[in-house]
Amino acid sequence: MSFEDSDYISANIVPIRDLPADLRQSERIQRILNEYQKHFGQSCRPLFLVRVPGRVNLIGEHIDYCGYSVLPMAIEQDIMMAVGPNDKSGQIHLANVDNQYPDVTINVMDLEFPKSIKWYHYFLCGYKGIVDKYCSMDVQSENQQQFPSINVIVHGTIPAASGLSSSSAMVCSSALSTLIAYHQSIFKISTPIPKLDIALLCTKCERYIGTDSGGMDQAIAMLAEKGSAKIIDFIPQLNATNVDLPDGVCWFIAHCGISMQKAVTAHYNTRVAETRLAAAIIARKLKIAGYKLGDQLWVVQQASAIPLAEMGEHLSSIFDLEKEFYTKSDICSILGIDTNEMEKTFLSRVSEPIEEFKLYQRAKHVYDEAYRVQEFRRICDTTKDVEHLGQLMIESHESCRDLYECSSPQLDELVALALENGAIGSRLTGAGWGGCTVSLVYEENAQDFETILSKNCKFVCRTNPSGGAIIYQI
Ligand code: NG1
């Protein structure tokens, strides 16, 4: 494993730096390096340390997979992986500093993604995504058994299943670890790979685990810059732009006590399917030319030429508001397709049978939320009116709770507690159904706010925009 360091130091490329002395001496890094030797042998040395942050989404929930922009920032909590060679071949040796996650050795010839997901499957997503992209199938089948084995130890500080994107941090760090380990010896890559490409690839490969991830988490993990939140656009192509948050306020993340592993429930993919079905019905009712079954909500809104600000209202003339939900047969008869085609196109990734589809409610959330993101950004760029930002966050939470039904009683209580104790705005962040809230608080109230919240929940922290993925040479 060796790298042309200078090639990688560019704004578009994941930076590779020498591990600074103060970081090397830190308790955490010392622990990771010690554990590496404990797990892989005293003579083993890692060559690289990969760091990928988690994220908190300030606004724009469940709209990335509909093609709409979101506004997250990277957080200080992260995944670190120490990566080094091993004298065998064709194996990945994975360990975790946290001993609730047992060591595992995987033969690179048999990467599987079973229904019951273990911690290391997120690593395998990144590994497989990179190998499939940069190594032809011929080379893989002839040589995979000879691929140099790697040792990887993981240390994470992002609470798992909490809406802070620990899964994507794991997938992105594994993609970078694989790239750094194999880029010359196996992939023969001579030019550095842009961060954007890695983010897109990681979005695709996280889907091996079963969730139809929208791309926000992988994008912010790769593209974040210290000190700035980002607006992430997906259309016409992936792009991240700095957003200047107002001064005099701070951001708090708090955990509601309930975790939600979105890959083991059908909630997330059900919502993805409902948004696509809603798009199909809108397209049919508005006679959108060029619409293809399965297109996202942004496609029909753009083709309809109805401004985003009005789209939510417009839906009441498209959907039957008397109906709380649509059935499969309602949908098939509107779309003029049979159940087979409907299931194949829209439901193949949903792991549980669904009979009731709330289409108006999901589409209304998506269009209104997408507009709230635009407003949030406009305010950050102009008036910096924090009360207005707080109001948008409150509306976002209400919409997630009532229309998208991705909140939980514990999240609602935590949002209420935050608002009763001085938060200007508070909302669930990430996929929801458990996990964390994000709250906007005046600087002068921060201390009291933190004291009260910490009495009531297991994890509270003030957070500042952190930097994106980085690789250190050890
Ligand atoms: P988290 O909170 O990490 O489960 C998920 C999706 C995002 C986005 C949000 C909801 C993945 C990896 N992440 O985030 O793309 O859709 O939910 O806004 O699936």
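These exercises work through a predicted model.

## Exercise 1. Two annotated segments

**Task.** State the helix and strand content of residues 35-85 and of residues 384-457.

**Solution.** 
- Step 1. An unreviewed UniProt entry annotates residues 35-85 as "domain: Galactokinase N-terminal".

## Exercise 2. Aromatic pairs

**Task.** Classify the ring pair of Tyr 68 and Tyr 367, then that of Tyr 127 and Tyr 182.

**Solution.** 
- Step 1. The whole structure holds 11 aromatic pairs.
- Step 2. The ring centres of Tyr 68 and Tyr 367 are 6.1 Å apart, with planes at 80°. Edge-to-face requires planes over 60 degrees apart, so Tyr 68 and Tyr 367 form an edge-to-face pair.
- Step 3. Tyr 68 sits in the loop between strand S2 (48-59) and strand S3 (71-89). Tyr 367 belongs to helix H14. The pair links distant parts of the chain, 299 residues apart. Both Tyr 68 and Tyr 367 are buried.
- Step 4. For Tyr 127 and Tyr 182, the centres are 5.9 Å apart and the planes stand at 75°, so this pair is edge-to-face.
- Step 5. Tyr 127 is in helix H4 (residues 121-134) and Tyr 182 in helix H6 (residues 166-182), 55 residues apart. Tyr 127 has 0% relative accessible area and is buried. Tyr 182 is buried at 0%.
- Step 6. Ring pairs also join Tyr 101, Trp 119 and Tyr 120 into a cluster.

## Exercise 3. Charges over rings

**Task.** Which ring faces lie under Lys 128 and Arg 271?

**Solution.** 
- Step 1. Lys 128 lies over the face of Tyr 208, 5.4 Å from the ring centre.
- Step 2. Arg 271 lies over the face of Tyr 404, 5.8 Å from the ring centre.

## Exercise 4. Two polar side chains

**Task.** Are Ser 396 and His 93 buried or exposed, and which side chains do they meet in polar contacts?

**Solution.** 
- Step 1. Ser 396 lies in helix H15 (residues 386-402). Its relative accessible area is 0%, so Ser 396 is buried.
- Step 2. The Ser 396 side chain makes a polar contact with the side chain of Arg 427 at 2.9 Å. Beyond four places in sequence, Ser 396 touches Ile 59, Glu 369, Arg 372 and Arg 427.
- Step 3. His 93 lies in strand S4 (residues 91-96). Buried means under 20%; His 93 has 13%, so His 93 is buried.
- Step 4. The His 93 side chain has polar contacts with the side chains of Asn 86 (3.2 Å) and Thr 105 (3.3 Å). Among the other residues that His 93 touches are Phe 40, Val 104 and Ser 149.

## Exercise 5. Helix H12

**Task.** Which residues of helix H12 are buried, and which helices are included in their cover?

**Solution.** 
- Step 1. H12 spans residues 328-335; its buried residues are Lys 328, Asp 330, Ile 331, Cys 332 and Leu 335.
- Step 2. The cover includes helix H9 (267-285), helix H13 (339-347) and helix H14 (359-381).
- Step 3. Gly 336 follows H12, with a positive phi near 70°.

## Exercise 6. A loop residue

**Task.** Locate Ala 469 and name residues that Ala 469 touches.

**Solution.** 
- Step 1. Ala 469 is in the loop between strand S12 (460-463) and strand S13 (470-473). With 4% relative accessibility, Ala 469 is buried.
- Step 2. Val 14 is 455 residues away along the chain, yet the two C-alpha atoms are separated by 6.4 Å.
- Step 3. The residues that Ala 469 touches include Val 14, Pro 15, Arg 51, Leu 176 and Met 222.

Notes
Residues are numbered from 1 along each chain as its sequence is written. Side-chain values use heavy atoms; hydrogens and water are left out. Buried means under 20% relative accessible area, exposed over 50%, partly exposed in between (1.4 Å probe, protein chains only). Helices (H or I, at least four residues) and strands (E, at least two) are DSSP runs, numbered from the N terminus. Contact means heavy atoms within 4.5 Å. A polar contact is a pair of N or O atoms within 3.5 Å; within protein, one must be able to donate a hydrogen and the other to accept it, and residues adjacent in sequence count only if both atoms are side-chain atoms. UniProt positions are given in the numbering used here, feature names are shortened, and annotations may be inferred rather than shown by experiment. Rings of Phe, Tyr and Trp (its six-membered ring) pair if their centres lie within 6.5 Å; planes under 30 degrees apart count as stacked, over 60 as edge-to-face and the rest as tilted. A charge sits over a ring if NZ of Lys or CZ of Arg is within 6 Å of the ring centre and within 35 degrees of the ring normal.
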